[in-house]
Amino acid sequence: MGARLGRNLQSRTVTESPITTLPSEPAAPEGVAHPKAIKSYVLRAGRTTAGQSRALQELGPRYLLDFRPQPLDAAAVFGRQAPLILEIGFGMGEATAHIAQVRPGDNFLCCEVHEPGVGALLKRIGEQHIDNIRIVRHDAVQVLEQMLPPASLDGVHIFFPDPWHKTRHHKRRLIQPPLVALLASRLKPGGYLHCATDWQPYAEQMLQVLSAEPLLANTAPDYAPRPGYRPLTKFENRGLRLGHGVWDLVFRRAEAG
Ligand SMILES: C[S@@+](CC[C@H](N)C(=O)[O-])C[C@H]1O[C@@H](n2cnc3c(N)ncnc32)[C@H](O)[C@@H]1O
């Protein structure tokens, strides 16, 4: 299994950092997943293509939202009242664009820090005439803390978050108890959190951490069947052909009272 997992990791190198040494980090206080200095990402100097740059220039003003440390007026920025789904780390936006089209009745607020990815999703928005996505090019943890009030989200998508497979980098993983508690607080009662990963040790961590969050309940005995809206992306198809695994987890915030 170990060798298989090793290849699994290689299969996602496009959106993963090739960096082997990271900036020096202060130790995290106990129980704090993402203190200011420890990020779940490292900004890479990826190349933004001409098409992505054009999309950033032409479509950015309509679909990009500035990070502001104040509550977001979702109805105003989407131009309508609709269920609000947050996506954290959309990479190149392949799944994001697909889901926005198969769920036209929902509004998708999508966070990514990587410029070529933001350009790539804007390009898809333009080519596929998608209007129910808005993008914040900023750390999603700060967006959650400062722009999204408690009980404001109907769903959260976190697909293939960086596995940070070296033990000394595990503190950068997104799915840790404090972030999950923050996510649960931002979900409305009945809202869902959907995570997916192709890295089994991270899947096991996700299952443990999500199961331990008192506000959340698993919708499945452990891992969930892939919900129909989440497409099999190019990477995933290739991984599956090679015999690699993918694990989906879908939890819900308990209904009030
Ligand atoms: C491994 S990639 C997966 C991308 C995509 N979801 C997919 O399935 O291909 C993880 C992405 O999450 C982004 N990311 C990590 N931490 C983030 C954060 N705190 N806020 C916004 N984006 C983040 C990274 O820049 C990276 O593009």
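Which residues does threonine 233 touch, not counting residues up to four places away in sequence? Threonine 233 touches Glu94 and Ala95, where two residues count as being in contact if their C-beta atoms, placed from the backbone, lie within 7 Å. The structure is a predicted model, in which local features need pLDDT of at least 70 and side-chain atom pairs count only at pLDDT 80 or more, while totals for chains, interfaces and linings use all residues. Residues are numbered from 1 along each chain as its sequence is written.

**Overall make-up**

- The protein has 9 helices and 8 strands, these elements being DSSP runs numbered from the N terminus (helices are H or I, at least four residues; strands are E, at least two).
- Of the 257 residues in the protein, 38% are buried; a residue is buried if 20 or more other C-beta atoms lie within 10 Å of its own, exposed if 12 or fewer, and partly exposed in between, with C-beta atoms placed from the backbone.
- Among the contacts in the protein with a separation of 6 or more, 81% are between residues 24 or more positions apart.

**The sheet**

- The 8 strands of an open sheet follow the order S1-S4-S3-S2-S5-S6-S8-S7, with mixed pairing, and two strands are taken to pair if DSSP finds at least two bridges between them.
- S1 and S7 stand at the edges with a single partner strand each, so one side of each is left without a neighbour in the sheet.
- Strands of a sheet pair through backbone hydrogen bonds, either parallel or antiparallel.
- S2 and S3 run parallel and are joined by 5 bridges, and cysteine 111 in S3 is the bridge partner of isoleucine 88.
- Strand S6 (residues 187–197) and strand S8 (residues 247–253) run antiparallel and are joined by 6 bridges, with tyrosine 192 standing opposite arginine 252 in S8.
- S3 is mostly covered, as 5 of its 5 residues are buried: Asn107, Leu109 and Cys111 point one way from the strand, whereas Phe108 and Cys110 point the other way.
- Helix H4 (residues 94–102) lies across strand S2 (84–88), strand S3 (107–111), S4 and strand S5 (153–159), and runs at about 170° to S3, the angle being taken between N-to-C directions on a scale from 0 to 180 degrees, with axes as lines fitted to C-alpha atoms, for helices over the stretch in contact.

**Helix H2**

- The 14 residues of helix H2 (residues 50–63) should span 20 Å at 1.5 Å a residue, and the end C-alpha atoms are 18 Å apart, which agrees; the expected span is 1.5 Å times one less than the number of residues.
- H2 bends by about 40° at glutamine 57, and proline 61 follows within four residues, where the bend at a residue is the angle between axes fitted to the seven residues ending there and the seven starting there.
- Gln52, Ala55, Leu56 and Tyr63 are buried in H2, and the elements that cover the buried residues of this helix include strand S1 (64–65), helix H5 (115–128) and strand S4 (133–136).
- Arginine 62 also lies in helix H2 but is exposed, with 11 other C-beta atoms within 10 Å.
- The C-alpha atoms of arginine 62 and valine 77 are separated by 9.4 Å, and the two residues are 15 residues apart along the chain.

- An unreviewed UniProt entry lists Glu87, Glu112, Asp139 and Asp162 for "binding site"; UniProt positions are given in the numbering used here, feature names are shortened, and annotations may be inferred rather than shown by experiment.
- These residues span 76 residues in sequence, yet no two of their C-alpha atoms are more than 14.2 Å apart, so they gather at one spot.
- Glutamate 112 sits in the loop between S3 and H5 and is buried, with 25 other C-beta atoms within 10 Å.
- Leaving aside neighbours within four places in sequence, glutamate 112 is in contact with Gly89, Phe90, Gly117, Val118, Ile135 and Arg137.
- Aspartate 162 sits in the loop between S5 and helix H7 (177–186) and is buried, with 21 other C-beta atoms within 10 Å.

**Annotated positions around threonine 233**

- The unreviewed UniProt entry also lists Lys166, Asp198, Thr233, Lys234, Phe235 and Glu236 for "binding site".
- Threonine 233 lies in the loop between strand S7 (216–218) and helix H9 (234–241) and is partly exposed, with 17 other C-beta atoms within 10 Å.
- Lysine 234 lies in helix H9 and is exposed, with 11 other C-beta atoms within 10 Å.
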